[in-house]
Amino acid sequence: MTAAPPSAAAPSGAVEPAPAAAITPTFRAGVRRRRIWIVFAVVLVLGAIALLVLRGGASGAGQRLGADNPAPLGAKALVEVLGSHGVEVEPAADFDTALTAAKSGATVLVFDEFGLLDEQRLSRLAMFSDRLVVVEPGFTALEALAPGVRMAGAASGALDDVACELPAAEDAGALSTDQRLFTLDDEATADGWQGCFRDGEYGFAVAEGPSSGDGRIVLVGASTPFENGRITERGNAALAIGLAGASDELVWYLPGPLDVDPDQAPTLGELTPGWVSPVLVLAIVVTVVAGVWRGRRFGPLVVENLPVHVPAGETAVGRARLYARNAARPHALDQLRLGAIARIAAALRLPRTADVSEIAAAAAAATGRDPWQVRAVLVEALPAGDRDLVRLANELDDLESAVRATLAPETSTPHDAEHPGRRP
């Protein structure tokens, strides 16, 4: 801000006010003014980093357990090994393709990562498959394929207790860490289900049993034995090859969006994690609070030197014109009363803590006037028009002159000299 020169020359002998110094916002001032948005940005960045850490960072490109995915979570290594052993691997993009191949006697491997298949489709697939391998089955798959088998959490470490007569499990002998477990109730055991790779009394990493047709079903709790990055650990490769290579033809089925029934598709609210809604509500509240806070502009006033000198008389005249233009008679009278009350209190030597009632009583006692009349002049009377405003202003002036006259009756006060001949 640059000081503008005064429009008129200063009076002789008057001291020109110093121009206001130009103030350029500094970098520190800009950062301090925008600190709330900087804090928000830092919180968002830290939240994104924490989310990546919790989710384990990037999991690699390609579809998980994809037959052509060479990433650590893909399954291309297993598919290549099966192909070298004469097993024809056919990726299935939809349910009808997998069901047709199952009816022809092929082994079907299903990895339904997002739980897209319903119980009806899973039951049909099990009914027509001679050998069905289900990797990481969810609750829906367990209810449809093996009602007596339940999920039992994660294994405590590597597993080497085969505990079953499944040839692929016996060839493997042991599994690596990070396996998921099943428990088998009495009903499942009675129906012919058996568990493999026991983890003490916690459960089994693999469960095998009959299907609703004439085939067999194998449930593998974790995808670890089939992943490129873990297949070489312990007996993972032997188990994966033994289960997927049981026949000359293997259908590699990863259900996709085309397998979802539109009438039973989950809503956006069902697919959204539970923490999203509270975070959105919190973000909206914080945004509103920040907007109100910044809009109110809390904080001390900025003091700046005026670039020009404005005489007090011009300020009073300008304010009076504003009052007159807006017909603000009560407000104008209040300003006159405030000045008169302050001067009367000072003349009567009243303390600053004295209220209007005490000042009016003291003025009435000093002048011998009616206390109610004095109070009406100082406080209560309201102007109905310009004539009443002028009359009340004169009465204020007369009351102040009377108070001063009682203090020095033998002399004429300077105030009376300034307003000769004024009467109500």
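Analyst: Helices and strands here are DSSP runs, numbered from the N terminus, and a helix has at least four residues. The model is predicted.

User: In which helix does V42 lie?
Analyst: V42 is one of the residues that make a nonpolar surface patch of about 590 Å². The largest share of that patch, six residues, comes from a helix spanning residues 35-54. V42 lies in helix α2.

User: Is V42 buried, partly exposed or exposed?
Analyst: Buried means under 20% relative accessible area and exposed means over 50%, with partly exposed in between. The relative accessible area of V42 is 44%, so V42 is partly exposed.

User: Which residues make the nonpolar surface patch?
Analyst: Helix α2 gives the largest share of the patch, with six residues. The patch has an area of about 590 Å², and its members are V31, I38, V42, V45, L46, I49 and V53.

User: Which handedness does the crossing of α13 and α14 have?
Analyst: The axes of α13 (residues 329-347) and α14 come within 10 Å and cross at roughly 60°. These two helices are therefore oblique to each other. As for handedness, α14 passes α15 in a right-handed crossing, whereas the crossing of α13 and α14 is left-handed.

User: Where is A163 placed, and what is its relative accessible area?
Analyst: Most residues other than glycine have a negative phi. A163 is not a glycine, yet its phi is positive, at about 60°. A163 sits in the loop between β4 (149-154) and α7 (167-172). A163 is partly exposed, and its relative accessible area is 36%.

User: Is F197 buried or exposed?
Analyst: F197 also has a positive phi, near 60°, in a residue other than glycine. F197 lies in strand β6, which covers residues 194-198. The cut-off for buried is under 20% relative accessible area. With a relative accessible area of 0%, F197 is buried.

Definitions and conventions. Residues numbered from 1 in each chain as written. Predicted model: local features only at pLDDT ≥ 70, side-chain atom pairs only at ≥ 80, totals over all residues. Heavy atoms only, no water. Patch = residues over 30% accessible without salt bridge, like charges linked within 9 Å, V, L, I, M, F, W, Y side chains within 5 Å. Areas by Shrake-Rupley, 256 points an atom, 1.4 Å probe, with all protein chains shown as cover. Salt bridge = Lys/Arg side-chain N within 4 Å of Asp/Glu carboxyl O. Buried < 20%, exposed > 50% of the residue type's maximum accessible area, 1.4 Å probe, protein only. Left-handed = near helix turned anticlockwise from the far one by under 90°. Axes fitted to C-alpha atoms, helices over the stretch in contact; angles between N-to-C directions. Parallel < 35°, antiparallel > 145°, perpendicular 65-115°, else oblique.
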